[in-house]
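Subject: Structure handover

Hello,

Here is the structure for your files. My notes on it come after it.

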Amino acid sequence: MSCHHRPLDFYRQDAFHAFFNAFHGQFTGSQRFFDGLHGGVQSFKKKLFASEVRGPEGASLPNGAVVFTYTSPDLEEGYPGNFTLKETASFSNGVFRMQFDYVCDKDTPANITNHNYFNLNGHGHGTILNHRVMIHADRYCRADDGLLVQAPTVPVDGTPFDLRK
């Protein structure tokens, strides 16, 4: 998933190149404040995920997918529950797709995000200005001036966040 292959320690020390962050944003409620920006001190950005290449028998990666999996044990970074995250990255018929699936055995806040940037034309082959982005989301979380996420979520209709088409 990287144009420049560097030693593993580079990615563990440099949050800018993190693939995952366990929690993005800060939430406030009527009687509770939760500061989970980037999931804590270590978060997922410094965890080593298991990976598995999937696809049709004999297919090259462009016709398959890579599944990354990590299980965060109960109370890691202060989060309750055993939390298993699977991210499937696939490229097929000119479409790059990232799908996040997660499950936890206790109630815990989760808002998985990815900080990578991609040039689907290939490294050194032009800009991203001809790329199209689609996000299947009808609602989004508003943030105040302090970047605290505000409830309730609001519709994306008529906003720059409507990336459904």
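The notes below go from the overall layout to single residues.

This is a predicted model, in which local features need pLDDT of at least 70 and side-chain atom pairs count only at pLDDT 80 or more, while totals for chains, interfaces and linings use all residues. Residues are numbered from 1 along each chain as its sequence is written, and side-chain values use heavy atoms, with hydrogens and water left out.

Layout

The protein chain has one helix and eight strands, in the order α-β-β-β-β-β-β-β-β along the sequence. Helices (H or I, at least four residues) and strands (E, at least two) are DSSP runs, numbered from the N terminus. Of the 165 residues, 21% count as buried; buried means under 20% relative accessible area, exposed over 50%, and partly exposed in between (1.4 Å probe, protein chains only). The accessible surface of the protein chain is about 11,500 Å², and 55% of that belongs to carbon and sulfur atoms. These areas come from the Shrake-Rupley method with a 1.4 Å probe, and for residues only the protein chains shown count as cover. Among contacts (heavy atoms within 4.5 Å) between residues at least 6 apart in sequence, 41% join residues at least 24 apart.

Core and aromatic pairs

The largest nonpolar core consists of nine residues: F44, F49, V66, F68, Y70, F83, L85, A89 and I112. Strands β4 and β5 each supply at least two residues of this core. A nonpolar core here is a set of buried Ala, Val, Leu, Ile, Met, Phe, Trp, Tyr and Cys residues joined through side-chain atoms within 4.5 Å.

The structure holds three aromatic pairs. Rings of Phe, Tyr and Trp (its six-membered ring) pair if their centres lie within 6.5 Å; planes under 30 degrees apart count as stacked, over 60 as edge-to-face and the rest as tilted. One of the pairs is F49 with Y70, whose ring centres are 5.4 Å apart and whose planes are at 40°, so the pair is tilted. This pair links distant parts of the chain, with F49 in the loop between β2 (33–35) and β3 (50–54) and Y70 in strand β4, 21 residues apart. F49 is buried at 13% relative accessible area, and Y70 is buried at 14%. Another tilted pair is formed by Y140 and F161, at 4.5 Å centre to centre and 35° between the planes. Here Y140 sits in strand β7 and F161 in the segment after β8, 21 residues apart. Y140 is partly exposed at 21% relative accessibility, and F161 is partly exposed at 48%.

Salt bridges and cysteines

There are six salt bridges, each being a side-chain nitrogen of Lys or Arg within 4 Å of a carboxyl oxygen of Asp or Glu. K106 and D74 form one of them, with 3.1 Å from N to O. K106 lies in the loop between β6 (95–104) and β7 (139–143) and D74 in the loop between β4 (65–72) and β5 (83–92), so the pair ties together parts that are 32 residues apart in sequence. K106 is partly exposed, at 43%, and D74 is partly exposed, at 32%.

D138 and R164 form a salt bridge, also listed with 3.1 Å from N to O. D138 is in the loop between β6 and β7 and R164 in the segment after β8 (148–155), so this pair ties together parts that are 26 residues apart in sequence. D138 is exposed, at 52%, while R164 is partly exposed, at 26%. R164 forms a salt bridge with D157 too, with the closest N and O atoms 2.6 Å apart. D138, D157, D162 and R164 are linked in a network of salt bridges.

The structure holds zero disulfides, a disulfide being a pair of cysteine sulfur atoms within 2.5 Å. C104 is partly exposed, with a relative accessible area of 23%, and C141 is partly exposed, at 40%.

Backbone

Most residues other than glycine have a negative phi, and most peptide bonds are trans. A cis peptide bond joins A151 and P152, with omega about -5°; P152 lies in strand β8. L75, which is not a glycine, has a positive phi of about 75°. L75 is in the loop between β4 and β5 and is exposed, at 54%. E77 has a positive phi near 60°. E77 lies in the loop between β4 and β5 and is partly exposed, at 30%.

Regards
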